[in-house]
Amino acid sequence: MSASLGLYVHVPFCAPAKCPYCDFYSVPFAPEVATQYADVLRAAARTYVPRLAGRRVESVYFGGGTPVLLGGTLAALLTYFKQIYPVAPDAEITVEANPGSDLAELLPVLRAAGFNRLSLGMQSACDAELAALGRRHKTADVARAVEAARKAGFANLSLDLMLATPGQTPESIRRSVAFAAAQGVEHVSAYLLKVEPGTAFAMRGQQEADTDLQADCYLAACDALEARGYAQYEISNFARPGFASRHNLRYWDCGEYLGLGPGAHGFLDGRRFHYARDLAAFLTGRPPEGDGPGGGFEEYVMLRLRLADGVEKNALRARCGANFSAFDAKTVERLENGGFLRRGAGRIALTRQGFLVSNAVIGALLFP
Ligand code: SF4
């Protein structure tokens with residue numbers, strides 16, 4: 001067991017309604033319920049105090065939902081976690097926000113409480129694309145939010161960018177990347193739109209872009225981001241030097257983290273668990289459900305191959321007691337010859353073409 005730990009807090013509120021593509025767990029914001037949620041969250045957090053003895057919380061991430069809807073309560077929650085958990089003084093502490101939220105007064109409060117990284121759900125810098133996604137903010141709101149964050153002292157900002165969305169083209173992606181770079185942000189997450197079952201998009205029959213357009217959009221984003229100094233370190237994540245997300249790297253390195261809140265997942269003391277996507281159940285104190293042991297060979301390889309660095313042989317041996325001979329040599333050769341995989345310097349990693357079809361490549365490697 002490593003002493004290093006992450007903390008993820010799921011804030012399950014959005015207002016006034018869900019975005020039509022969104023599959024994250026959230027319910028409409030109601031102030032009295034949010035107060036109750038914060039009280040129950042504190043109580044749930046206290047139950048883990050004995051298990052965190054000797055650990056060091058090196059990253060904290062408040063995601064959602066729309067965490068900033070909690071306002072000053074967010075700062076109070078972080079202060080509370082710092083009191084009861086061994087949060088490292090230099091921990092990366094992220095909060096997600098929507099550009100359309102009123103952030104100018106809140107961000108200085110959050111910064112003073114110790115938040116030092118802000119992730120903004122920009123999605124696109126084209127207003128027509130934002131409207132097609134059902135987003136309520138405009139591109140100008142993103143610029144205002146970035147300005148407010150800088151004024152509040154945030155030196156580590158990330159913007160989300162959605163790819164292959166309705167009406168989007170590789171050219172419009174290049175414009176969105178240019179806009180993000182012009183804001184001077186340190187990090188960009190670029191995700192392909194997936195129409196998930198149960199979302200408003202799925203119910204109204206919204207189709208995903210065809211696979212050729214998805215590939216064109218993804219490659220356009222990768223190239224444009226790299227050209228502007230954002231190195232790809234994971235399938236969907238790009239950063240200026242020194243600004244890769246420490247919290248998210250923990251997930252892909254199969255590191256441990258405590259997840260709190262309805263819909264949150266955790267991995268603690270070698271076992272995975274999750275809280276049900278059910279705020280009412282969380283408020284009654286229902287404990288998380290166990291998902292069994294985690295961190296085995298297949299899981300480690302599957303997660304590490306999302307990273308540009310891939311799997312390193314010494315780390316694989318140390319983590320799983322395995323070496324590269326665990327992979328089928330013919331399959332590795334076939335994937336390498338196909339341009340999906342690269343080998344060298346004691347590593348196996350996916351190429352960008354491999355990232356495009358990562359599920360299939362990783363599946364072929366693990367289950368030849
Ligand atoms: S995309 Fe963000 S703001 Fe929209 S519903 Fe999902 S969590 Fe809420």
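Ring pairs join F13, F29, Y37, Y275 and F282 into a cluster. Rings of Phe, Tyr and Trp (its six-membered ring) pair if their centres lie within 6.5 Å; planes under 30 degrees apart count as stacked, over 60 as edge-to-face and the rest as tilted. The model is predicted, so local features need pLDDT of at least 70 and side-chain atom pairs count only at pLDDT 80 or more, while totals for chains, interfaces and linings use all residues. Residues are numbered from 1 along each chain as its sequence is written, and side-chain values use heavy atoms, with hydrogens and water left out.

The structure holds 14 aromatic pairs. One of them, Y21 with F201, is tilted, at 6.4 Å centre to centre and 55° between the planes. This pair links distant parts of the chain, 180 residues apart. Y21 lies in the loop between β2 (13-14) and β3 (27-28), and F201 in helix α7 (residues 200-203). Helices (H or I, at least four residues) and strands (E, at least two) are DSSP runs, numbered from the N terminus. Y21 counts as buried because its relative accessibility is 11%. F201 is also buried, at 0%. Buried means under 20% relative accessible area, exposed over 50%, and partly exposed in between (1.4 Å probe, protein chains only). The rings of Y251 and Y257 have centres 4.6 Å apart and planes at 70°, so this pair is edge-to-face. Y251 is partly exposed at 22%, whereas Y257 is buried at 9%.

Charged groups also meet rings. The charged end of R42 sits over the ring of Y80, 5.8 Å from its centre. R272 lies over the face of F267, at 4.0 Å from the ring centre. The criterion is NZ of Lys or CZ of Arg within 6 Å of the ring centre and within 35 degrees of the ring normal.

The residues around the ligand are C14, K18, C19, Y21, C22, G65, T66, N98 and R135, where near means a heavy atom within 4 Å. G65 is found in the loop between β4 (56-64) and α2 (72-84). A cis peptide bond joins G64 and G65, with omega about 15°.

One cavity of 30 Å³ or more was found in the whole structure. Its lining is Y275, A276, D278, A281, F282, R286 and P287. Y275 and F282 also belong to the ring cluster. The second largest pocket has a volume of about 230 Å³. Of its 14 lining residues, S2, C254, G255, E256 and R319 are the closest to its centre. On a 1 Å grid over the protein atoms alone, a cavity is a set of points where a 1.4 Å probe fits but cannot get out, and a pocket is an open set with protein on both sides within 12 Å along at least five of seven lines; lining residues have an atom within 4 Å of a point. Grid points are joined across faces, edges and corners, and a volume is the space filled by probe spheres set on the points.
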